[in-house]
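Me: I have a model open and want to learn how to read it. Can you take me through it feature by feature?

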Amino acid sequence: MGSSATAVLYDMEAIGCDTAAGEPRKFDPKFRGPIHNRHCTDIVCCVIFIVVILGYIALGVVAWVHGDPRKVIYPTDSYGQFCGQKDTPNENKTILFYFNILKCASPVVLINLQCPTTQLCVSKCPDRFVTYIDVQASYRYKPDQWNYFKQFCKPGFNSPRKSVAQVLRDEDCPSMIIPSRPFLKRCFPDFSTKNGVLTVANQTTFKDGRGKTRNVTDLREAANGINNVLDARSIGVKIFEDYAISWYWILIGLFIAMVVSLLFLVLLRFTAGVLFWIFIFGVIGIIGYGIWHCYWEYDHLKGIPGSDLTVYDIGFQTDFRVYLQLRQTWLAFMILLCGVEVIIILMLIFLRNRIRIAIALLKEGSRAIGYIMSTLFYPIVTFILIAICISYWAVTAVFLATSGEPVYKVMANQTLCKYANLTCDPETFNTTNVTKLCPGAQCTFAFYGGESLYHKYIFILQLANAFVFLWLVNFAIALGQCTLAGAFASYYWASRKPADIPLWPLFSSFGRAIRYHTGSLAFGALILAIVQLIRVILEYLDHKLKGTQNSFTRFLLCCLKCCFWCLEKFLKFINRNAYIMIAIYGKNFCTSAKEAFFLLMRNVVRVAVLDKVTDFLLFLGKILVAGGVGVLAFFFFTQKIPVIAQEAPALNYYWVPLLTVIIGSYLVAHGFFSVYAMCVDTLFLCFCEDLERNDGSTAKPYFMSASLHRILGKKELSPKKAVG
């Protein structure tokens with residue numbers, strides 16, 4: 001073996017590389033970082049991706065032509081007319097009224113399905129208890145009462161002399177009206193509680209218009225949970241008011257979070273090692289204290305009656321404090337903690353070089369971001385792209401869901417009517433014999449649907465909508481990862497930093513990714529989208545089969561969900577590193593994924609160490625940013641900062657802007673730190689590539705920084721003397 005190759009292998013083994021997993025890359029004297037003379041990769045997938053996007057646009061157009069969001073915005077009466085729609089007879093009738101709300105099982109039925117009673121659009125909900133029998137008996141000397149009641153009858157009905165039986169059979173008017181208030185543009189009973197008793201307009205009973213006196217509790221199922229929801233609506237109004245008053249201060253809090261996040265990333269260049277070792281020695285100290293405490297408890301229980309019993313002797317106890325009275329318990333805890341302590345110390349001893357490299361790479365990442373500050377704001381581009389995808393998917397889904405035509409069904413008062421629930425045509429219904437065989441039967445609006453080919457495949461179109469949405473979102477994420485990787489790779493492979501860094505590394509990397517590697521990024525996103533869609537389908541099946549008693553089916557679904565969750569995590573890891581290799585070498589997705597995988601396997605221990613060290617420091621950073629800004633916001637919104645106490649707005653709930661600031665600060669920190677994590681991952685792969693390509697000699701110098709040079713053991717590395 002030649003001296004250069006031996007030196008490379010020697011250096012790799014000295015710092016933890018596993019040279020058995022695949023072959024190290026051969027030296028290429030012409031390689032100087034991200035390749036600029038590229039060619040298009042995965043062209044077939046690129047073409048398919050473009051065709052799918054065009055098809056997705058066509059799907060949106062078709063959904064827009066057939067769909068009608070008014071079906072979601074406006075409630076629909078029994079005649080298929082929208083309540084409150086402009087330029088219609090119902091323009092001023094914005095609320096849906098139910099003739100007999102007792103026939104409605106719950107608000108869910110009222111909102112999503114159809115209640116089996118006549119429904120009319122009205123301008124306002126009733127505000128009193130009145131029955132049709134009482135109105136008919138007094139209409140001659142109390143015309144005002146009839147005029148009030150008839151607004152809840154069918155349009156044009158003005159025959160108070162018609163017998164009560166016929167009116168109720170034909171459902172010309174409701175048998176009763178009860179005090180109600182609008183909710184979701186529908187009239188619901190105006191419930192309240194008085195001394196713990198459920199009432200409607202301070203009454204506990206009412207007449208049902210059919211000769212019976214009923215209790216208000218009979219309306220409970222028809223309006224189950226309405227009071228809670230209405231109270232929630234009141235809370236929602238107050239929350240909106242708080243946001244309207246405090247939005248300016250919330251933005252200031254998020255700006256502070258952004259500044260703190262930037263400062264944390266800059267300071268990591270100097271504090272990464274200190275923070276990590278403080279944490280590690282803190283853990284060792286805490287575990288050491290735990291060992292001492294367990295020994296103290298073990299020794300303290302010596303001689304106490306019953307403390308020498310074993311866990312087996314006392315069996316299972318619901319009060320776990322019983323086990324703490326046994327010496328055996330504390331002995332087991334002490335042995336367990338000793339084992340953990342020994343493992344941590346041994347890992348620190350044997351992995352010290354890898355930990356030093358991980359910390360050096362973290363510092364190098366902070367330095368790289370300092371030279372390419374524009375990368376910190378690239379997540380805004382990814383956010384905008386994902387927001388566009390979400391908006392398009394949501395709008396398309398709504399239009400697809402409202403693409404159906406009105407479907408009318410026979411609603412009969414008689415339970416034995418054979419035509420009940422059959423589809424009917426309201427224009428020809430009165431000419432059929434249904435009304436003769438089933439007196440009082442009506443052809444009323446049921447739901448939106450259809451029997452055409454388009455309507456039959458709406459569910460398939462919704463699945464396609466979801467699948468392309470997942471594909472586009474994953475592509476936007478892949479584009480961001482590849483763009484950032486290209487920019488940071490330009491930094492690493494610069495011979496003289498920062499003099500040799502390209503002028504616009506982020507924009508150049510973005511251009512290369514779009515121009516040459518759209519197909520490769522789409523390929524990786526496609527694989528991930530397929531797995532995610534399968535997971536969505538499995539979750540849907542699990543939801544549908546929750547009530548089943550088949551334990552084998554539930555077990556199988558649980559296993560499949562677990563397997564595909566693991567597969568998705570693995571694919572995200574492989575894709576992320578494949579995009580880094582694409583950004584550096586410009587090869588297709590499969591080749592890049594294979595090379596990245598074997599490169600990582602040759603450095604598997606260092607990968608694990610770097611991953612955990614990075615995760616810890618970034619998680620610590622997110623907690624510090626969100627917690628610090630949250631504490632500041634708490635003192636501000638609770639007016640506990642005397643200097644600016646007068647500036648704090650008067651709020652209904654101070655926790656509304658406080659939680660918004662805390663969650664927003666965490667997300668802001670996550671956005672900045674995701675760039676940092678991508679930077680470290682890119683520098684790590686470049687570092688491993690650097691070790692395999694070069695040996696530190698004059699002919700093949702390393703591109704790594706001086707700090708990484710020092711970790712390898714020399715200021716300037718030279719080829720080792722060949723062995724044998």
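Me: Where do I start? What is the average pLDDT of the protein chain?

Reply: Where pLDDT is low, the predicted coordinates should not be read in detail. Here the protein chain averages a pLDDT of 78. A score of at least 70 is reached by 84% of the residues.

Me: Over which residues does pLDDT stay under 50?

Reply: Residues 225-230 are one such stretch. The model gives them 10 contacts beyond four places in sequence. Residues 713-724 also have a pLDDT below 50. That stretch has 22 contacts beyond near neighbours in sequence.

Me: Now the overall picture. How many helices and strands does the protein chain have?

Reply: The count is 21 helices and 13 strands. The protein chain has 724 residues, and 45% of them are buried. The exposed surface comes to about 38200 Å², with carbon and sulfur atoms supplying 65% of it.

Me: What share of the contacts comes from residues 24 or more positions apart?

Reply: Take the contacts with a separation of 6 or more. Of these, 72% are between residues 24 or more positions apart.

Me: Next, cysteines. How many disulfides does a search of the whole structure find?

Reply: A disulfide is a covalent bond between the sulfur atoms of two cysteines. The search of this structure finds three. Let's take them in turn.

Me: What does C83 join to, and where do the two partners sit?

Reply: C83 pairs with C121, S to S 1.9 Å. C83 is in the loop between α3 and β1, while C121 is in strand β2. They are 38 residues apart, and the pair links distant parts of the chain. The torsion about the S-S bond is -80 degrees, a left-handed link. Both C83 and C121 are buried.

Me: Which cysteine forms a disulfide with C125?

Reply: C187 does, with the sulfur atoms 2.1 Å apart. This link too joins distant parts of the chain, 62 residues apart. C125 lies in the loop between β2 and β3, and C187 in strand β6. At -95 degrees about the S-S bond, the link of C125 and C187 is left-handed. C125 counts as buried because its relative accessibility is 9%. C187 is buried as well, at 4%.

Me: Is the disulfide of C153 and C173 left-handed or right-handed?

Reply: For C153 and C173 it is about 110 degrees, so the disulfide is right-handed. The sulfur atoms are 1.9 Å apart. C153 lies in the loop between α6 and α7, and C173 in the loop between α7 and β4, so the pair ties together parts 20 residues apart in sequence. C153 and C173 are both buried.

Me: On to helices. How far does α15 reach, and is it enclosed or open?

Reply: Compare the span with the expected one. Helix α15 covers residues 458-492 and reaches 51 Å from its first C-alpha to its last, close to the 51 Å expected. Of its 35 residues, 27 are buried, so α15 is largely enclosed by the rest of the structure.

Me: What is A522 in contact with?

Reply: Skip neighbours within four places in sequence. A522 then contacts C45, F49, W471 and F475. A522 lies in helix α16 and is buried, with a relative accessible area of 0%. A522 and L479 are 43 residues apart in sequence, yet 9.0 Å apart in space, C-alpha to C-alpha.

Me: Is R576 buried or exposed?

Reply: Buried, though the number needs the cut-off of under 20%. R576 counts as buried because its relative accessibility is 19%. R576 is found in helix α17. Beyond its neighbours within four places, R576 contacts Q481, S674, A677, M678 and D681.

Definitions and conventions:
Residues are numbered from 1 along each chain as its sequence is written. This is a predicted model: local features need pLDDT of at least 70, side-chain atom pairs count only at pLDDT 80 or more; totals for chains, interfaces and linings use all residues. Side-chain values use heavy atoms; hydrogens and water are left out. A disulfide is a pair of cysteine sulfur atoms within 2.5 Å. Helices (H or I, at least four residues) and strands (E, at least two) are DSSP runs, numbered from the N terminus. Buried means under 20% relative accessible area, exposed over 50%, partly exposed in between (1.4 Å probe, protein chains only). Contact means heavy atoms within 4.5 Å. Accessible areas come from the Shrake-Rupley method with a 1.4 Å probe; for residues, only the protein chains shown count as cover. pLDDT is the predictor's confidence in each residue, from 0 to 100. The expected span of a helix is 1.5 Å times one less than its number of residues.
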